[in-house]
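Student: I have a new model open on my screen. How do I read it, feature by feature?

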Amino acid sequence: MPIKMKAAVLMGQDQLEIKEVQTPSPGPQDVLINVKACAICSSDVSLMHKPWPHQPPYGSFIPGHEYAGSVVAVGEKVDEFQPGDRVAVEAHLGCLRCRNCRLGNYTACLNYGKLDKGHRANGFTTNGGYAQYAVNHINTVYKIPDSVNFEEAALITNLGCVLYGFETIGGYVVGDKIVVIGPGPLGLISVAVAKALCAGKVVLIGTRESRLQAGLSMGANRIINVNNEDAMEAVMDETNGLGADLIIESSGNVNGPQMAIEMAKRMGKILLLGFPDGPVNANFSSLGKDNKSIYTVRGEGWANVGRAISMLESSRISLKPLATHAFPIDEIKEAFQTFTQRIGGAIKVIVKPNAD
Ligand SMILES: [Zn+2]
Ligand SMILES: [Zn+2]
């Protein structure tokens with residue numbers, strides 16, 4: 001293993017710079033991954049601007065939590081993986097000792113950020129994937145089949161998050177009418193998952209025509225551009241005036257939660273995948289009277305990244321259309337610019353620390 005590697009280090013607010021740093025070495029239960037693809041996520045943009053809770057200090061922190069690559073070394077206690085394995089990762093390793101972790105809810109670890117308790121969240125509280133090598137505990141690593149390329153594998157954590165959401169709301173959506181608000185990556189993946197799980201009808205709401213078109217190709221039955229159409233009227237039209245069984249709010253817009261409450265049928269469910277920055281105005285009286293429920297998920301829990309791989313392997317879903325752009329790590333600034341400004345219709349932008 002080379003002693004030094006290339007990595008993108010956060011040097012200050014919004015200052016990501018390519019540096020030569022020490023190649024990390026795996027602990028007894030870790031693997032060392034040669035990172036082939038690391039996808040830019042809006043939380044990267046957000047933590048570069050305003051530090052995440054328990055984020056390592058400027059000058060030492062390598063962000064990036066959506067990555068995939070090849071195992072090149074394993075810790076002394078590892079027999080689950082070997083060099084050469086192609087793998088995807090999830091960000092969260094719980095402490096495995098708090099009550100939430102003991103109950104399997106490791107993305108909501110009560111020792112979040114406490115490294116001495118064993119907690120890690122690569123790309124948030126520990127180093128991540130904008131580097132030639134990254135260390136992961138084996139609980140956060142999943143083998144991928146040859147049919148899944150590294151760019152698609154880097155996006156698996158998004159699918160894991162959406163599947164965690166579907167599992168949280170009860171999972172059985174066969175025949176349900178589902179509305180997805182916000183055609184960002186998680187919204188588009190929600191459309192695809194809803195169709196793969198045989199939802200009866202999937203309606204996608206947004207403002208950008210190109211993203212709505214992407215939603216159509218991911219399987220949406222109906223797209224609604226709120227700039228041209230009354231979304232509420234259209235949803236009622238699609239649901240015989242009753243409202244939808246499930247609303248997935250992934251826009252993060254301040255008006256999203258109230259819109260979701262109004263669009264849900266009596267006893268309907270609302271899943272929040274996007275979070276507004278501040279407090280929202282929402283009518284909780286109608287929520288209670290009509291027995292509607294709101295669910296939240298944090299990250300990609302309950303090992304759903306592992307489950308997501310079998311969904312890709314069975315070709316029920318493809319994430320490949322979402323990986324619209326890729327850049328070598330030396331051009332990481334251009335990569336972020338392409339992502340934040342959505343240049344060339346960018347949806348997910350991949351940074352490649354090593355050649356395939
Ligand atoms: Zn992410
Ligand atoms: Zn924990």
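Tutor: Begin with one residue and ask what surrounds it. This is a predicted model. Take L159: beyond its neighbours within four places in sequence, L159 is in contact with I189, A308, M311, I317 and L319.

Student: Which core lies apart from it, and how many residues does that core have?

Tutor: That separate core has six residues, including C101, Y106, C109 and Y112.

Student: And the largest nonpolar core? Which residues touch the most other members there?

Tutor: A154, L159, I178, V179 and I247 do, in a core of 98 residues. Domain 1 (4-155 + 319-352) and domain 2 (162-296) each supply at least three residues to this core.

Student: Now the whole chain. How many helices and strands does the chain have?

Tutor: Count eleven helices and 17 strands. Then check the overall size. The radius of gyration is 20 Å, close to the 21 Å that the globule rule gives for 356 residues, so the chain is as compact as a globular protein of that length. Along the principal axes, the C-alpha atoms fill a box of roughly 65 × 45 × 40 Å.

Student: What percentage of the residues is buried?

Tutor: Of the 356 residues in the chain, 48% are buried. Look also at sequence separation. Take the contacts between residues at least 6 apart in sequence: 68% of them join residues at least 24 apart.

Student: Next, domains. Which domains does the assignment give?

Tutor: The assignment gives domain 1 (4-155 + 319-352) and domain 2 (162-296). Their C-alpha centres lie 29 Å apart. Five residues from domain 1 and five residues from domain 2 make the contact. On the side of domain 1 that touches domain 2, the classes are three nonpolar, one polar and one charged.

Student: Let's move to strands. What should I know before I look at one?

Tutor: Start with a general idea. In a regular strand, side chains alternate between the two faces of the sheet. Now find strand 3 (residues 30-39).

Student: Why is strand 3 said to be largely enclosed by the rest of the structure?

Tutor: Count its buried residues. Nine of the ten residues of strand 3 are buried, so the strand is largely enclosed by the rest of the structure.

Student: Which strands pair with strand 3?

Tutor: Take them one at a time. Strand 8 (residues 133-137) pairs with strand 3 in the antiparallel sense over five bridges. There, D30 stands opposite H137. Strand 4 runs antiparallel to strand 3 too, joined by eight bridges. A37 faces A68 in that pairing. Strand 17 (residues 348-352) is also antiparallel to strand 3, with two bridges. Its V351 is the bridge partner of C38.

Student: Can we follow the pairing onward from strand 4?

Tutor: Trace it step by step. Strand 4 (residues 66-74) pairs with strand 5 (residues 86-89), antiparallel, over three bridges. G69 stands opposite V87 in strand 5. Strand 5 in turn runs antiparallel to strand 9 (residues 141-143), and three bridges join them.

Student: What does G256 touch, not counting residues up to four places away in sequence?

Tutor: G256 touches I181, G182, E249, S251, G274 and P276. G256 and E151 are 105 residues apart in sequence and 30 Å apart in space, C-alpha to C-alpha.

Conventions:
Residues are numbered from 1 along each chain as its sequence is written. Chains are lettered from A and ligands numbered from 1 in the order in which they are written. This is a predicted model: local features need pLDDT of at least 70, side-chain atom pairs count only at pLDDT 80 or more; totals for chains, interfaces and linings use all residues. A nonpolar core is a set of buried Ala, Val, Leu, Ile, Met, Phe, Trp, Tyr and Cys residues joined through C-beta atoms within 7 Å. A residue is buried if 20 or more other C-beta atoms lie within 10 Å of its own, exposed if 12 or fewer, and partly exposed in between; C-beta atoms are placed from the backbone. Domain bounds come from an automatic or database domain assignment. Two residues are in contact if their C-beta atoms, placed from the backbone, lie within 7 Å. Helices (H or I, at least four residues) and strands (E, at least two) are DSSP runs, numbered from the N terminus. The radius of gyration is taken over C-alpha atoms; the globule rule is 2.2 Å times the number of residues to the power 0.38. Two strands pair if DSSP finds at least two bridges between them. Ala, Val, Leu, Ile, Met, Phe, Trp, Tyr, Cys and Pro count as nonpolar, Asp, Glu, Lys and Arg as charged, and the others, Gly among them, as polar.
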